[in-house]
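Let me put the sequence and the model up, and then I'll talk through the fold.

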Amino acid sequence: MTSNATPPAGQQGSQQPDQQQQRPYQTKLVLLGPAAVGKSSVVLRFVSNEFQENKEPTIGAAFLTQKCRLDSAVIKFEIWDTAGQERFHSLAPMYYRNAQASAVVYDITNSSSFEKAKSWVKELQRQASPNIVIALVGNKVDLLSEEGSSATEGAQKQSEEGEEDEDDDDDENETVTGNNTGSAAAAVSSKRAVPKEEAKAYADEGGLLFFETSAKTGEGIVELFTEIAKKIPIDQLAAQQRSTSGQAGQAGRGGNAGRTSAGGNVDLGAGGDRAGRDACNC
Ligand SMILES: Nc1nc2c(ncn2[C@@H]2O[C@H](COP(=O)(O)OP(=O)(O)OP(=O)(O)O)[C@@H](O)[C@H]2O)c(=O)[nH]1
Ligand SMILES: [Mg+2]
């Protein structure tokens with residue numbers, strides 16, 4: 001279920017009066033990566049500071065917002081959490097178009113997910129905005145220290161569900177869920193499959209931010225979004241938002257709202273109840 005989270009109490013109350021008046025810079029951020037690597041869980045941790053062991057696969061995409069307060073500015077992330085199943089791949093350009101930032105997520109216990117993440121990075125470098133900030137995110141680091149955890153079972157269960165979905169689509173080999181199922185259950189184990197140094201070297205080479213995270217424990221999550229926020233070129237964003245304020249600005253969520261309708265596959269259930277939240281975990 002995505003109707004999980006009640007916003008943590010007290011976060012909004014921590015704002016200082018002068019900070020409340022500071023106008024946030026809207027920043028479109030898209031999460032990409034193969035199925036079941038934890039994209040939605042990373043967002044859920046960031047937005048609501050929660051984790052679900054058995055998070056269901058995203059259908060289409062979900063929209064959520066969260067503010068991140070830096071010393072110099074407040075960034076309001078407008079987050080598009082895309083579906084990793086291969087059958088949704090063709091929708092992705094709708095979500096990364098005009099995005100200022102992207103987090104490309106893989107599962108550190110699944111090397112195939114790292115390969116797929118790299119192909120998402122390539123796609124972004126070819127087709128997204130040239131100055132997009134890209135972060136490579138190796139998720140599920142908690143599995144390194146947990147043998148036979150319930151989270152492992154949860155991930156496996158979700159993979160099985162993902163496989164059913166893919167059966168409908170005759171496309172089961174194209175998702176990472178296929179690597180996490182049945183006899184390959186060991187792939188979702190406590191063993192690291194993607195060396196940190198290798199991923200970091202790849203990220204450095206491509207000028208990407210790099211983080212290892214755990215949506216389960218919260219490790220690295222705030223750092224991820226804070227470092228992305230710091231790399232957003234605020235001056236450009238300000239100029240852009242000034243020039244469009246009389247037009248697209250009136251649409252609330254800006255151009256995203258139009259694309260949501262156009263896509264027709266957006267699952268707003270996960271984020272709709274939080275889309276207007278002002279809380280900030282940064
Ligand atoms: N142990 C552990 N499990 C995680 C972590 N993040 C996600 N999971 C589990 O992995 C499974 C998949 O998580 P999701 O967040 O739905 O993955 P996703 O990438 O959004 O998947 P799609 O929406 O299908 O693309 C769920 O069972 C989560 O509970 C993590 O950091 N650690
Ligand atoms: Mg998801």
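I'll go through confidence, then the sheet, then the helices and the core.

Ground rules before anything else. This is a predicted model, so local features need pLDDT of at least 70, side-chain atom pairs count only at pLDDT 80 or more, and totals for chains, interfaces and linings use all residues. Residues are numbered from 1 along each chain as its sequence is written, while chains are lettered from A and ligands numbered from 1 in the order in which they are written.

So, pLDDT, the predictor's confidence in each residue, from 0 to 100. The chain averages 76, with 63% of its residues at 70 or more. Two stretches stay under 50: residues 1-17, with 20 contacts beyond four places in sequence, and residues 248-279, with 55 such contacts. By contact I mean that the C-beta atoms of two residues, placed from the backbone, lie within 7 Å. Where pLDDT is low, the predicted coordinates should not be read in detail.

Now the overall make-up. We have nine helices and six strands; those are DSSP runs, H or I of at least four residues for helices, E of at least two for strands, numbered from the N terminus. Among contacts with a separation of 6 or more, 76% join residues 24 or more positions apart. Of the 282 residues, 43% are buried, meaning 20 or more other C-beta atoms, again placed from the backbone, lie within 10 Å of the residue's own; exposed is 12 or fewer, and partly exposed is in between.

The six strands form an open sheet in the order 2-3-1-4-5-6, with mixed pairing, where pairing takes at least two DSSP bridges between two strands. Strands 2 and 6 are the edges, each pairing on one side only. From one strand to the next, the twist averages 25°; axes here are lines fitted to C-alpha atoms, for helices over the stretch in contact, and angles run from 0 to 180 degrees between N-to-C directions. Strand 1 and strand 4 run parallel over four bridges, and V30 sits opposite S102 in strand 4. Helix 2 packs on this sheet, touching strands 1, 2, 3, 4 and 5, with its direction at about 40° to that of strand 2.

How many of helix 2's residues are buried? Ten of ten, across residues 39-48. Besides the strands, those buried residues also pack against helix 7 (221-231).

Helix 7 has I221, L224, F225, I228 and A229 buried. Down the axis of helix 7, these fall within an arc of 125°, so they line one face; the arc is that of the directions from the helix axis to the C-beta atoms.

Last, the core. The largest nonpolar core has 59 residues, and L31, V104, V105, A135, L136 and V137 have the most contacts inside it. A core here is a set of buried Ala, Val, Leu, Ile, Met, Phe, Trp, Tyr and Cys residues joined through C-beta atoms within 7 Å. A135 touches residues including L208, L224 and I228. L208 itself lies in the loop between helix 6 (196-205) and strand 6 (209-212). Why does L208 count as buried? Because it has 21 C-beta neighbours inside 10 Å. Its C-alpha is 10.0 Å from that of V104, 104 residues away along the chain.
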